[in-house]
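Good morning, and thank you for coming. Please keep the structure in view as I speak.

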Amino acid sequence: MTDITSLPPETTASLDLHRRDMAVAGQWRLFWLKFKKHKIALASLVVIVFMYLVAAFADFIAPFDPNATNARFTYAPPQGLSLMLDGSFQPHVDQLKMTLNTESMRREFMPDPTKPVSVSFFVPAQQPYYLLGFIPMQTKLFGLTNPKPGDSMYIFGADRLGRDIFSRVVHGAKISLSIGLVGVFISLILGVTIGGISGFFGGWIDLAIQRFIELLRSIPTIPLWMGFAAAIPVGWPPLRTYFVITLIVSLIGWTSLAREVRGKFLSLRNEDFVTAARLDGMSEIGIIFHHLVPSFISHIIATLTLAIPSMILAETALSFLGIGLQPPIVSWGVLLQEAQNIRAVAQAPWLLFTPATAIVISVLALNFLGDGLRDAADPYESVS
């Protein structure tokens with residue numbers, strides 16, 4: 001260990017200033033100082049912000065309607081987007097040339113470099129739309145320049161109906177990522193409220209709540225989800241189905257948070273600041289939401305961040321099994337459901353790899369971010 005007396009005076013003064021700052025730093029500053037040391041978590045935060053921005057602006061980013069079909073390009077392979085042509089900046093894709101394989105009786109596509117199809121940025125949309133649900137727009141981020149009959153642009157390939165996989169994955173992010181946020185929000189409300197009541201009051205209330213939580217956690221998750229999902233009427237509109245699926249996914253998610261909140265309340269309910277608030281005449285509910293919950297809000301944020309991947313995977317599993325969201329709704333789980341056919345995957349592997357890659361990246365990034373937040377929320381870890 002370096003002797004502080006042997007350091008230069010300016011270095012010693014800097015260390016003293018750093019220590020004074022740490023001594024008076026608030027909870028959130030300490031939280032940020034510990035979090036920014038976690039480089040993987042910082043990188044994951046950038047990835048997550050980028051993915052949610054893509055989901056928010058999906059209508060602007062996706063070049064085509066996710067449900068627009070083109071029978072001429074069924075199972076069309078991915079067309080690589082090139083930015084340079086003949087030494088100049090000219091975004092383009094190579095036109096696809098279709099041939100019939102007489103042995104397998106299947107259409108095969110081959111890129112034709114001699115016929116580049118020009119791609120431009122900020123092109124007119126085929127149909128007007130509302131960005132973020134309320135801003136009228138008639139422009140797409142990129143698309144074909146003056147498209148002619150036979151032109152195509154399938155960056156991630158096409159499915160059995162000739163629908164653009166890139167546009168469908170981008171639009172699917174809106175559903176799959178938002179289900180995680182909405183589900184976690186519902187879990188937050190239920191977990192903090194029920195867990196706080198259980199830990200703060202104790203006694204028979206705590207006993208009844210904990211037995212109820214144990215009952216819910218003892219039920220196998222997948223059969224429970226399948227039972228509730230099967231009860232959804234087939235004729236319901238997509239938006240109502242979306243919210244019901246979100247409620248189903250949230251049904252079990254709140255129990256873990258409730259138990260963690262209960263444990264925190266049991267350790268804090270007899271602290272001096274709680275006694276002082278009670279002597280000042282504050283109500284029990286006020287003590288819970290104004291003193292106890294804010295004292296470990298960083299821990300709650302870390303726990304919820306780790307819960308979002310579970311929500312995303314739950315929606316994916318339900319839709320993949322055919323009991324969750326159904327077409328025409330586009331989600332990553334619905335896209336994976338369309339890749340169940342082994343023959344289709346063998347002919348068009350991008351049907352599986354593209355949505356699966358999006359799910360893996362989002363889940364890993366959220367898990368890394370949650371780990372970083374959890375480490376930053378650890379009150380026993382010091383900041384150097």
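The chain contains 14 helices and four strands. Please bear in mind that this is a predicted model. Of its 384 residues, 41% count as buried. The accessible surface comes to about 20700 Å², and carbon and sulfur atoms account for 66% of that area. As for contacts between residues at least 6 apart in sequence, 68% join residues at least 24 apart.

Which residues touch the most other members of the largest nonpolar core? That core has 64 residues, and the ones in question are L177, I245, F265, L325, W332 and L351. The element that gives the most to this core is helix α14, residues 350-376, with 10 residues. Apart from this core lies another, of 18 residues, which include A58, I61, F142 and L144.

I return briefly to L351. Beyond its neighbours within four places in sequence, L351 contacts Y75, A158, D159, I165, L335, A339 and A344.

Is K140 buried or exposed? K140 is buried, and yet it has no salt bridge. The nearest side chain of opposite charge is that of D59, 5.5 Å away; a salt bridge would require the lysine nitrogen to lie within 4 Å of a carboxyl oxygen. Setting aside neighbours within four places in sequence, the contacts of K140 are D59, F60, A62, P63, F122, V123, A125 and Y129.

Thank you for your attention.

Conventions
Residues are numbered from 1 along each chain as its sequence is written. This is a predicted model: local features need pLDDT of at least 70, side-chain atom pairs count only at pLDDT 80 or more; totals for chains, interfaces and linings use all residues. Side-chain values use heavy atoms; hydrogens and water are left out. A nonpolar core is a set of buried Ala, Val, Leu, Ile, Met, Phe, Trp, Tyr and Cys residues joined through side-chain atoms within 4.5 Å. Buried means under 20% relative accessible area, exposed over 50%, partly exposed in between (1.4 Å probe, protein chains only). Helices (H or I, at least four residues) and strands (E, at least two) are DSSP runs, numbered from the N terminus. Contact means heavy atoms within 4.5 Å. Lys and Arg count as positive and Asp and Glu as negative; His and the chain ends are not counted. Accessible areas come from the Shrake-Rupley method with a 1.4 Å probe; for residues, only the protein chains shown count as cover.
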